[in-house]
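These are my notebook entries on a structure that I had not looked at before. I put down what I looked up, in the order in which I looked.

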Amino acid sequence: METGKLVVLGSINADHILNIEHFPQPGETVIGKQYKVAFGGKGANQAVAAGRSGADIAFIACVGADDIGERIRKQLATDRIDTQPIEAITDSTTGVALIFVNGEGENVIGIDAGANAAVTPDYLARYQQKVVDADALLMQLESPLETVIAAAHLAKQHQTQVILNPAPARELPDELLAMIDMITPNETEAHRLTGIAVNNDDDAARAAQALHDKGIATVIITLGSRGVWLSENGRGKLVPGFKVKAVDTIAAGDTFNGALVTALLEGKMMADAVRFAHAAAAIAVTRPGAQPSVPWREEIDAFLQQQE
């Protein structure tokens, strides 16, 4: 099957996860359990979701000159990703996220960007041909903002569609928003971008319109278990997700984004692409961890067949 080319530009982190009963107070030591290191970072999670769901994908990113960086690069290659544009940066560590999860399933996270900070406009320039040749560019906000803007510019000049998952939440310059073809915020991120709190469908429609007004044709606001608000050129509707028993929601949004773009690059209609992405995310939340929970194409297709 002929599918369009995808480039993901984004972050790579090693997630160090510890389960504890309650978050420690300053000066307090708490005993944890189930310590694990999982590969994460929004960019990598979305790249893995795209690779496993069948995209023709290259990933522009950086790791540190350390053992875990090498292991992550090898793993990404087995996830059907072109890892040629991923360099190990001398004197730098691979990005890390230190994650405490409490008894209620809430988490607190500290992040060190590490080598992710090396994904500069100059670094992008070394691999710009990947963006020029691609049909779509998918980005998030864990890379330097100036690089995200530079990549959007480059994509625009070469008719490469620009998709932004504006996470983690922050305000963005109108200059960047005007270059985006499709944006996929969650409620929090939509609120930060528009000043409109998204508590119901009417709010979602208003927030989507505010983003359309900034020049973005397609707005998809992810609403957790309720599904997504899909708005194309000002016409919006709720597209519900699938009901499943969630184990953890880490990387659910990332899985949705990677699978969505994969489906669109295969020529699926938007409604079918959203349904495909919902299925991928539904499978992911039934499994623990970030990348380990991301499903393969065969699993997504089987899940969708069961829904018929």
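Which residues are buried in α5? I took buried to mean under 20% relative accessible area, exposed over 50% and partly exposed in between, with a 1.4 Å probe and protein chains only, and on that basis I noted Leu145, Thr147, Val148, Ile149, Ala151, Ala152, Leu154 and Ala155.

Before going on, I noted that this is a predicted model, in which local features need pLDDT of at least 70 and side-chain atom pairs count only at pLDDT 80 or more, while totals for chains, interfaces and linings use all residues. Residues are numbered from 1 along each chain as its sequence is written, and side-chain values use heavy atoms, with hydrogens and water left out.

**Entry on helix α5.** I read helices (H or I, at least four residues) and strands (E, at least two) as DSSP runs numbered from the N terminus. Helix α5 covers residues 145–157, and its 13 residues reach 19 Å from first C-alpha to last, close to the 18 Å expected at 1.5 Å a residue, where the expected span is 1.5 Å times one less than the number of residues. The cover over its buried residues includes β1, α3, α4, β9, β10 and α6. Just after α5, I found Gln159 with a positive phi of about 55°.

**Entry on the pockets.** I used a 1 Å grid over the protein atoms alone, where a pocket is an open set of points at which a 1.4 Å probe fits, with protein on both sides within 12 Å along at least five of seven lines, and lining residues have an atom within 4 Å of a point. The largest pocket has a volume of about 1,200 Å³, and among its 46 lining residues Thr249, Ile250, Ala251, Ala252 and Gly253 lie nearest its centre. Helix α9 gives the most to this lining, with five residues. The second largest pocket has a volume of about 290 Å³; of the 13 residues that line it, the closest to its centre are Asn19, Val101, Val247, Asp248 and Ile250.

**Entry on aromatic pairs.** My search of the whole structure gave two pairs, counting rings of Phe, Tyr and Trp (its six-membered ring) with centres within 6.5 Å, and calling planes under 30 degrees apart stacked, over 60 edge-to-face and the rest tilted. Tyr123 and Tyr127 form a tilted pair, 5.4 Å centre to centre with 55° between the planes. The ring centres of Phe242 and Phe303 are 5.2 Å apart and their planes stand at 80°, so I recorded this pair as edge-to-face. Phe242 lies in the loop between β14 and α9 and Phe303 in helix α11, 61 residues apart.

Notes
Points joined across faces, edges and corners; volume = space filled by probe spheres on them. Contact = heavy atoms within 4.5 Å.
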